Amino acid sequence: MNPIGSPPSSTLADFEVTLPADDDIGVRIAGLDARTLTAGQAAEVRALVYEHKLVVFEGQDLLDAEYIDLARVLGTPQVYFQHNYHHPDHPEIFVSSNLPFRGQKIGVAGTGAYWHSDCSFFTEPLSLTMITPRVMPENPRTTLYLDLARAFEALPEHLAQRLLGLRSIHEAKWRYKVQPCDVDKSLTELLEAFDALAPAVTHPAVIDHPVNGRRCLYLSSGFTVGFEGLPAEESRTLLAEVLALMERKEFIHEHRWAAGEVTLWDNRQLNHCAGDKHENDHSTSYRIGVYDELEFYTNQPAGRLLA
Ligand SMILES: [Fe+2]
């Protein structure tokens, strides 16, 4: 137990919880040592993240094992399907880094610099994502978040109705990061191998949130490649039209990294994208995916794309 730990009966109301403005996202929690988060407080945190889409724990100083423990209190930590992202000691930690660790390459440099919702290319996407910087870059760094519920609400009615009847196709192979073991393999071989590991899937283009029923566009320029059942040209045109309406400044929240912060967000309601970075910067961040054990959405089942 940390000396500043909370008594078992405490709730988040005992800490400094700052809610966002009405048209913004993101709750900030200060004064709480995340190592002491109780199951009851974790339920409150999940309620906050479903309501406000993003939660930031300020001023944490977690060992790797304590960070994983936090994920376990919030839900079930993910072990990412590609091992080259794993921390060598902790497979639950997905590493984004351009710095060596014990003299070796660790994780992947430059992850997620495109709009996406984590693991939308699986039939069971990742519910929540948690990230903390481990080595802060020399220059300011941001992560951008796109509010998918507000983007849906703002669609013209005819487009909203059209999308409610469509399924989007998600695939990640175009984002595959080539590894040292890929030398001498053709791009076709690499793409086919990835397809076997993570074949394209379909989801409703608009999903109903399992907790609050909010309707969210479930599309991204990073992983969505079209709509099931539409002719290719029509699918491309519609996707481009929707993405242009979604990826507008008014729906984007910019989060600036700060040392010691742990950021948690709801992948059902937000797309995210790494902000610009200075090419000479060195940084390391640790992500842990967290499954909350709820259905990802309640309106229609996920599916495999039929060839
Ligand atoms: Fe991501």
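Hi everyone, let's start with the largest pocket, which has a volume of about 710 Å³. A pocket here is an open set of points on a 1 Å grid over the protein atoms alone, with protein on both sides within 12 Å along at least five of seven lines, and lining residues have an atom within 4 Å of a point. The volume is the space filled by probe spheres set on the points, which are joined across faces, edges and corners.

A quick word on the source: this is a predicted model, where local features need pLDDT of at least 70, side-chain atom pairs count only at pLDDT 80 or more, and totals for linings use all residues. Numbering runs from 1 along each chain, and side-chain values use heavy atoms, without hydrogens and water.

Of its 48 lining residues, F94, S96, T111, G112 and H116 are the closest to the centre.

Keep H116 in mind, and let's turn to the metal. Which residues are the protein donors of the iron ion? They are H116 (NE2), D118 (OD) and H272 (NE2), lying 2.1 Å from the iron ion. Donors are N, O and S atoms within 2.8 Å of the metal (3.2 Å for Na, K and Ca), and since water is not among the atoms, sites may look incomplete. Along the sequence, the spacing reads H-x1-D-x153-H. H116 sits in the loop between β5 (94–97) and β6 (128–135), while H272 is in strand β15 (residues 270–274), 156 residues apart. Strands are DSSP runs (E, at least two residues), numbered from the N terminus.

Are these two histidines, H116 and H272, buried or exposed? Both are buried, meaning under 20% relative accessible area (1.4 Å probe, protein chains only), with exposed being over 50%.

Key:
Helix = DSSP H or I, 4+ residues; strand = E, 2+ residues; numbered from the N terminus. 1 Å grid on protein atoms, 1.4 Å probe; cavity = no way out; pocket = protein on both sides within 12 Å on 5 of 7 lines; lining within 4 Å.
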